[in-house]
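Let's take a walk through this one together. Keep the viewer open and follow along as we go.

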Amino acid sequence: MDVLIAEDSRMQAKFLERKLTEAGHAVRWAENGSDALGLARQRRPDIIVSDIEMPVMTGYEFCKAVKTDPALRGVPFILLSTLSDPIDIIRGLDAGADNYVTKPYEPAFLLSRMNDLLATPLGVDDASSAATLEVSLAGQQFRVQAGRQQVLNLLVSTFENAVAKNQELVVANQQLAAARDGLQKSNTELTTLNTEISRINAQMVRDLEAAAKVQRSLLPADDVAIAAADVAWKYVPCQSLAGDFLNVFPLDDEHVGLFVVDVSGHGVPSSLMAVTVGRFLTPKVSDSSLLVRQAVDGGIVIVPPAEVATQLNRLFQADEFSGLYFTLLYGVLHVPTGRLDFVSGGHPALLRVPAAGGPPEFHPAEGFPIAFVPEVEYGQQSLQLSPGDRVYLYSDGVPEAMDAAQEPYGEEALVACVAGSRSEPLASSVEKLLAAVEAWCQPKGPLDDVSILGLEWRP
Amino acid sequence: MEQFRRIETGKTGNVHMVSFKDKKILDDTVLDEIRVEIAQLLGKAAGPDVLLDFSNVEFMSSAMLGLLGQMHRKISTGQGRLKMCGIRPEIFQVFKLTNLDKLFSIHKDAPAALATFT
């Protein structure tokens, strides 16, 4: 059949032309109503399909011209409309259109419309039965000339359009429902995962708390009492688990042991190593203690500090994978004489504050960190204390504590702090040092574990 | 030449030159990556001579010393030599505090260090 298209969009026209040609129709195309009317008068088409919004002459005007042309009035006329407004229907009726197809449309839908219209030929005389309808819509009065067949066609097409749109809506709705179900399923899975994460997290918190408790058991007993010496200590881990720990304890009636250990790194790996090291540094005679041995006569032998370090180094050979190591300062004070034997495996210098006045003195490490270099012998250092002398052991979290500008607290500040508090009780001196370090690190606080252990010899 | 994320590598004579791209070596993740990359670089070499250049490094955690210890052990077992240079005073303090300035061969800059390899 001979189809005439009026469409100002070249792309849409070409698309429609191809579909109609494929369906076996002859197609002519004009890009406005005026040109299309010219083509229709040249040769009467079997059917006209026209857009509404077009330059020069709109679809309504074109339709009216066709329907008032005696030679063309019998040609079925389909308007392509967005039908966004009920007034569009009235306008279509008034123009004499036979059918509407709503844009966007499926080509198959348009083709079936065309076939329906051609199967129901318009009574050429329909116009004679045309009546003037008075329509009131949106506060406006319309007077419309329309035949009954035309009104019926238009009504049916409007209804069919609505049905087609409804079907699309139903499909969209189904897709939406499917998406919603999928979302609900994901949500449920997410909730399950969340519950699982919470459970694992709670488990980890419990484990960490248990581990932290084990770690605290490495610290000095609260009621530690040492004959002829004052001791005071502060221990502030930067996380729940620390790589630092310290202890002070009587080894026998005449000897006091004291140490600070700092395992490199932080968190679980370091704290595990700290706990393991702690087992070897117990003052109770046991299979694991490196500090004391059972003597043949039933008494105990106090192992010299240097030998303790050498043994530890042998036991903790640097792990190929973790690269963990630790620094240790371990001292044994002979209480009757005030002789302090100690060993330092890469640990920050022992600080002595003489009771007689004069500047505090540093006694730096002579050995390397433990688990760092295989098979080394650690050398022992000795110090003769005078009554009232204080010694301070501390982890690198003290001199290396960084302020906001990344400046370390430093050894000078450390010396000034302990010298400044020499006339105060030892406990308050240790507290002041911790307070000074914490103040230095404001606003973030220390990023490393801070351990301080002070001892004053009072024979 | 292999491309690494954390280290830059080169060779002067038989000496592997390694410098660090990070200004801060504080994070465990960064440290682990450096460890892996150095292992990749030196994995096949037996007893290599290695110079670590720290001139780009502004901050370094003491955990990095553990890695240096591992390298020192491995390289000296194979009769190689490990030397370091370009260490700023703040970082040198970390070596001094742990007495490790006495263990490692530390030099002012790369030319000074390279001169001691011959």
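Predicted model: local features only at pLDDT ≥ 70, side-chain atom pairs only at ≥ 80, totals over all residues.

## Starting from a leucine

Leaving aside residues up to four places away in sequence, A:Leu393 touches A:Leu258, A:Val260, A:Leu329, A:Leu350 and A:Leu453. It is also one of the residues with the most contacts inside the largest nonpolar core, which has 97 residues. Others on that list include A:Phe259, A:Val261, A:Phe326 and A:Ile452. Apart from that core lies another, of 35 residues, with A:Ile48, A:Val49, A:Ile90 and A:Val101 among them. As a rule, nonpolar side chains in soluble globular proteins tend to be buried together.

Now step from A:Leu393 to the residue standing opposite, A:Leu453, in strand 19 of chain A. That pair belongs to the 5 bridges that join strand 18 (residues 390–394) to strand 19 of chain A, the two running antiparallel. Strand 8 (residues 229–236) of chain A is also joined to strand 19, by 8 bridges and again antiparallel; here A:Asp230 stands opposite A:Glu456.

How many of the residues of strand 19 (residues 450–457) of chain A are buried? The count is 8 of 8. In a regular strand the side chains alternate between the two faces of the sheet. In strand 19 of chain A, A:Val450, A:Ile452, A:Gly454 and A:Glu456 are on one side, A:Ser451, A:Leu453, A:Leu455 and A:Trp457 are on the other, and both faces are covered.

Next, go to the parallel sheet of chain A. Its 5 strands form an open sheet in the order 2-1-3-4-5. Strand 2 (26–30) and strand 5 (99–102) of chain A are at the edges with a single partner strand each, so each has one side without a neighbour in the sheet. From one strand to the next, the twist averages 20°. Helix 2 of chain A packs on this sheet, touching strand 1, strand 2 and strand 3, and its direction makes about 160° with that of strand 1. Helix 5 (residues 107–119) of chain A lies across strand 3, strand 4 and strand 5, at about 175° to strand 5.

A:Val156 sits in helix 6 (residues 148–216) of chain A. Buried, exposed or partly exposed: which is A:Val156? It counts as partly exposed, because it has 13 C-beta neighbours inside 10 Å.

Helix 3 (residues 59–67) of chain A is largely enclosed by the rest of the structure, since 7 of its 9 residues are buried. Among them are A:Tyr60, A:Phe62 and A:Val66, but also A:Lys64 and A:Lys67. What covers them? The list includes strand 1 (2–6), helix 2 (33–42), strand 3 (47–51), strand 4 (77–81) and helix 4 (86–95) of chain A.

Finally, turn to chain B, which has 4 helices and 7 strands. Of its 118 residues, 35% are buried. Its 5-strand open sheet has mixed pairing, in the order 1-2-4-6-7. Strand 1 (7–12) and strand 7 (105–107) of chain B are the edge strands, each with a single partner, so one side of each lacks a neighbour in the sheet. Further in, strand 2 (residues 15–20) and strand 4 (residues 49–53) of chain B pair in parallel over 5 bridges, with B:Ser19 opposite B:Asp53. Helix 1 (residues 28–42) of chain B lies across strand 1, strand 2 and strand 4, at about 165° to strand 2.

Terms used:
Residues numbered from 1 in each chain as written. Chains lettered and ligands numbered in written order. Buried ≥ 20, exposed ≤ 12 C-beta atoms within 10 Å, placed from the backbone. Contact = placed C-beta atoms within 7 Å. Core = buried A, V, L, I, M, F, W, Y, C linked by C-beta atoms within 7 Å. Pairing = 2+ DSSP bridges. Axes fitted to C-alpha atoms, helices over the stretch in contact; angles between N-to-C directions.
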